[in-house]
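Thanks for making time this morning.

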Amino acid sequence: MTAQFPTSDTVSYDTKSDTKARDLPKAVDLAVVGAGPAGLAAATLAASAGLSVLLLDENAGPGGQVYRAITTSPLGEGRVLGPDYWSGAALAREMLASGATYVPGATVWSLSRELELGVSVGGQAHLVQARRVILATGALERPMPIPGWTLPGVMTAGGAQTLLKSSGLVPEGRIVLAGCGPLLWLLAAQYLEAGVRLEAILDTTARENWRAALPEAFGFLTSPYFRKGLALLRKVRAAVRIISGVTTLAAEGDESVTAVRYATAGGESGRIELDTLLLHQGVVPNVNLANAAGIPLVWDAEQLCFRPDVDAAGTSPVAGLAVAGDGAGIGGALGAAERGRLAALAAIAALKPGAPVLAQRPQVEAALHKALRGRAFLDRLYRPADGFRRPAPDTIACRCEEVTARQVTETVALGCAGPNQLKSFLRTGMGPCQGRMCGLTISELMAEAQGVTPAEIGYYRLRAPVKPISVAELASLPKDESAMKSVERG
């Protein structure tokens, strides 16, 4: 159940696009996928250099996840979401005035090595050929598979924040937040500003993480995060019951969640009755489109996730294809925007080497260095515990196919070597989410069962379409040889 938070006047900018699927350009210099901070910054800079730019995004307006609904939020530019959120309005305004062709409500379901994109808008599919492509697909919340996490009333903190930003909605009744990471504390602070009462925060940050993070403390203390983070923590801790050192969690309920049980490293255990349980333990790169396009994935041992194999400018081994922002490795919104600009500069250098904007590269690199200062401290401090990344045997690991952790490990014992073979046994990763919700969990479970690292196990191998697309949409494609080959490649 949700309630409408009393809102101020809606802040609204003109974000409408007159571009329909049938009007999409057949060819562009640069296609950017994703209108979060990286995509907005990349599209704006590339358009300023005179490139023809197409910016495609699934959402109804620009902003991505971190700046979601930045042009249409019903909350207005006030206290609830905070100044960091509203700083994204400048990025959106600059993009809308840049001359880039912006298409909201666009699903990119295919990207070939030849840089041909399959795009659906309003139920109609289209093919677009680009000379360069920047993937700015952002991040996903890391799965937190605890017992009962599929019950109605259990959702992610990011999902709850999306409702707040886009619709001014907050859950009704008793609310508990559980997990770790900056977003958990940010949402708590935003809820308090909105007048929402929180029953408790169950903090799963391991005590030993503080010791591991200590060598990176100086970088954090001199970073943009320190003062803001300290003020946020003080505010939340003064108003909400905090239970620290939580080592186990389980949601209870029949038709919906009714309580959460917990235990701590200090021996405390308890049960809290609730109506909504919000889970979060950090974010990880959204790698599906990059994976399907042929970019190799590498295991990041610091951030405990797979990320595309790209260099500092986002350049990948696939010619003309780059990845920018959190989709290339988690660095936060400020860092994502600078990574978007670096990727755009690389595209400009390849397509228009004499462009004056190329002189901006040193300033962009300096800004990126500043934005990433303190990141290593946060990665170590909020490193999710093993027990919350690899679920207990009877806990569902793959929500789409309702596969438990026990089924995964038993299948490994039968000789199943990796995630792609597991698809044949259990259909994991083959549901509507295409592995976005279970990919990391499956790789880590299989690695643990075989006594190897996730890097050795690998990740799902994906292919087009990476997002659900109807037969009618495929049938709407132009019936030429290029279109036939595109479908065949998928």
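Let me start with Thr395, which is found in the loop between α13 (386-389) and β22 (396-398); helices here are DSSP runs of H or I of at least four residues and strands are runs of E of at least two, numbered from the N terminus. Before going further, please keep in mind that this is a predicted model, in which local features need pLDDT of at least 70 and side-chain atom pairs count only at pLDDT 80 or more, while totals for chains, interfaces and linings use all residues. Residues are numbered from 1 along each chain as its sequence is written, and side-chain values use heavy atoms, with hydrogens and water left out.

Is Thr395 buried or exposed? Thr395 counts as buried because its relative accessibility is 4%, where buried means under 20% relative accessible area, exposed over 50% and partly exposed in between, with a 1.4 Å probe and protein chains only. Leaving aside residues up to four places away in sequence, Thr395 touches Pro145, Ile146, Pro147 and Trp149, and also Val403, Thr404 and Ala405, contact being heavy atoms within 4.5 Å. Trp210, by comparison, lies 185 residues from Thr395 along the chain, and their C-alpha atoms are separated by 29 Å.

Now to strand β11, residues 175-180, which is mostly covered, with six of its six residues buried. In a regular strand the side chains alternate between the two faces of the sheet. In β11, Ile175, Leu177 and Gly179 point one way, Val176, Ala178 and Cys180 point the other way, and all are buried.

Which strands pair with β11? Pairing requires that DSSP finds at least two bridges between two strands. With β17 (residues 276-281), β11 pairs in the parallel sense over six bridges, and Cys180 has Gln281 of β17 as its bridge partner. With β12 (residues 200-203), β11 is joined by four bridges, again running parallel, and there Ala178 stands opposite Leu202. Between β11 and β12 the chain passes through helix α5 (residues 182-193), in a β-α-β crossover that is right-handed; that is, with the strands pointing away from the viewer, the path from the first strand over the helix to the second runs clockwise.

On a 1 Å grid over the protein atoms alone, a cavity is a set of points where a 1.4 Å probe fits but cannot get out, a pocket is an open set with protein on both sides within 12 Å along at least five of seven lines, and lining residues have an atom within 4 Å of a point. A search of the whole structure finds two cavities of 30 Å³ or more.

The largest cavity has a volume of about 110 Å³, and of the 15 residues that line this cavity, Val284, Pro285, Arg436, Leu440 and Tyr459 lie nearest its centre. β8 (139-141), β18 (283-285), β20 (305-308) and α16 (439-450) are the elements giving two or more residues to that lining.

The second largest cavity has a volume of about 40 Å³, and its lining includes Leu30, Arg132 and Gly320, with β7 (124-135) and α10 (332-351) each supplying at least two residues.

As for the second largest pocket, about 330 Å³ of space lies there, and Asp311, Ala328, Gly329, Arg339 and Leu372 lie nearest its centre among 21 lining residues.

Definitions and conventions. Points joined across faces, edges and corners; volume = space filled by probe spheres on them.
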